[in-house]
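Please look through the sequence and the model below before reading on.

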Amino acid sequence: SEEDVERIQQLAELHKLEVVPLVQTFGHVEFILKHEKYQHLREVERFPNSFNPHVPDTLVLLKSILSQVIEKHGRSTWIHIGADEVFHLGEGMDSKNWMSHNRGDMGTMYLKHIKEVLSFITTQYRGRRALMWDDMLRKISVGALRGEAGDGSGGTRAGVSAVLVRVATPAGVLPSGRQEPTPGPAGTRVSGEHEEPQASSCHWHQYDHYSVLCELLPVGIPSLAICLQTLVNGGFTEETKRKVLDTLGFQSMELEQSTCEGRGAFPGAEIYHMVEQVNGHLKESILKALEEESAIKGWFSPYHRKRQFGNPRNMESFGSKVLKLHEDWESFVRDLRAHLERVYFPDTVEEWMEENINPYLDQLRALVRDYR
């Protein structure tokens, strides 16, 4: 809600942080183009990933969205325009026609759209600085980036500017702190004279609009702390490690295993440890019971269960063990759900449970149901 946005900004300001809103302006716009109302703005009719930069309504819509977001973030001096992974760019008929009259230069076509977006921001919101991902720019010729394209719609001579940020690799259920963030192209100047950020560390909530959840706070807090302290200190040293441990309330950490030992003293530490239990033990313990227990394999197989055919003598040899395992995990999951519901929206909880708990626990539930 608007109240949530304002509250987040107040908290950020209180802790000397600046919220940088991100509006996808080219690719990763499935959340818009999935709707029938906006399907005519797709680069390729079949796919909802990317905008067609040649349809006037594309820029009209983007200006409206950018205005809404920028005006709700009055404290922010930056706006991130995304612009990464513009899949299928150049495959639409409008783009093919454009390229046939412009030396087939897709890079210049990409820059033309980016220039229009940045021109709107710099004209309507003076002083607002822009960030964008750099992956698409890596594929563009130096000439196009210098503005040497035939129609003069290239990059650095266009009178607009953006700071590039290197696209990072998403993390898994338990984020890894193994890969040290490096400045690299992050902070590289396209144009302009503003002071720039020197590095960026990004933790993904989802890979894209249609993907599963890939990382959530507070589970990602240890990984985030490691990345930030590594940036501050220029490397992951013993001093950096000790500062992270002291701040988070852990006794030790193993980067190779992406685990931290100790109670933890940060908000959501309970969820971190419970997710760690799921990640490290749920699948292993259930599959071990189902696949390595000889009595189940020999006397309570899917064949037996389907036909409700089994010898009680053999079933008793594994029954108490399986029932105890089921009871323990069901109790744990109830506790985990209660913790998750205090932090996340209900649909987030359901999706996380469906992806990380149910594929394994449902197998155990089914076996217990048949056993009883």
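This is a predicted model: local features need pLDDT of at least 70, side-chain atom pairs count only at pLDDT 80 or more; totals for chains, interfaces and linings use all residues.

Of the 372 residues of the chain, 44% count as buried.

One place to look at how helices meet is towards the end of the numbering, where helix 12 (residues 312-341) packs with helix 14 (residues 358-371) at an angle of about 135 degrees, the two axes being 10 Å apart. Angles over 145 degrees would count as roughly antiparallel and those from 65 to 115 as roughly perpendicular, and helix 12 and helix 14 are therefore oblique to each other. Their crossing is left-handed. On the side of helix 12, the residues that meet helix 14 include Met315, Phe318, Val322, Leu325, Trp329 and Val333, together with Glu316, His326 and Glu330; on the side of helix 14, Leu361, Leu364, Arg365, Leu367, Val368 and Tyr371 take part.

The aromatic rings give another view of the fold, and the structure holds six aromatic pairs. One of these joins Phe120 and Tyr125, whose ring centres are 6.2 Å apart with 75 degrees between the planes, an edge-to-face arrangement. Because residues under 20% relative accessible area count as buried, Phe120 at 12% relative accessibility is buried, and Tyr125 at 15% relative accessibility is buried as well.

Phe250 and Phe266 form another pair, with ring centres 5.7 Å apart and planes at 70 degrees; since planes over 60 degrees apart count as edge-to-face, this pair is edge-to-face. Which parts of the chain does the pair tie together? Phe250 lies in the loop between helix 8 (238-248) and strand 4 (252-254), whereas Phe266 lies in the loop between strand 5 (259-261) and helix 9 (269-292), so the pair ties together parts that are 16 residues apart in sequence.

How values were computed
Residues are numbered from 1 along each chain as its sequence is written. Side-chain values use heavy atoms; hydrogens and water are left out. Rings of Phe, Tyr and Trp (its six-membered ring) pair if their centres lie within 6.5 Å; planes under 30 degrees apart count as stacked, over 60 as edge-to-face and the rest as tilted. Buried means under 20% relative accessible area, exposed over 50%, partly exposed in between (1.4 Å probe, protein chains only). Helices (H or I, at least four residues) and strands (E, at least two) are DSSP runs, numbered from the N terminus. Axes are lines fitted to C-alpha atoms, for helices over the stretch in contact, and angles run from 0 to 180 degrees between N-to-C directions. Angles under 35 degrees count as roughly parallel, over 145 as roughly antiparallel, 65 to 115 as roughly perpendicular and the rest as oblique. A crossing is left-handed if the near helix is turned anticlockwise from the far one by less than a right angle, and right-handed if clockwise. Contact means heavy atoms within 4.5 Å.
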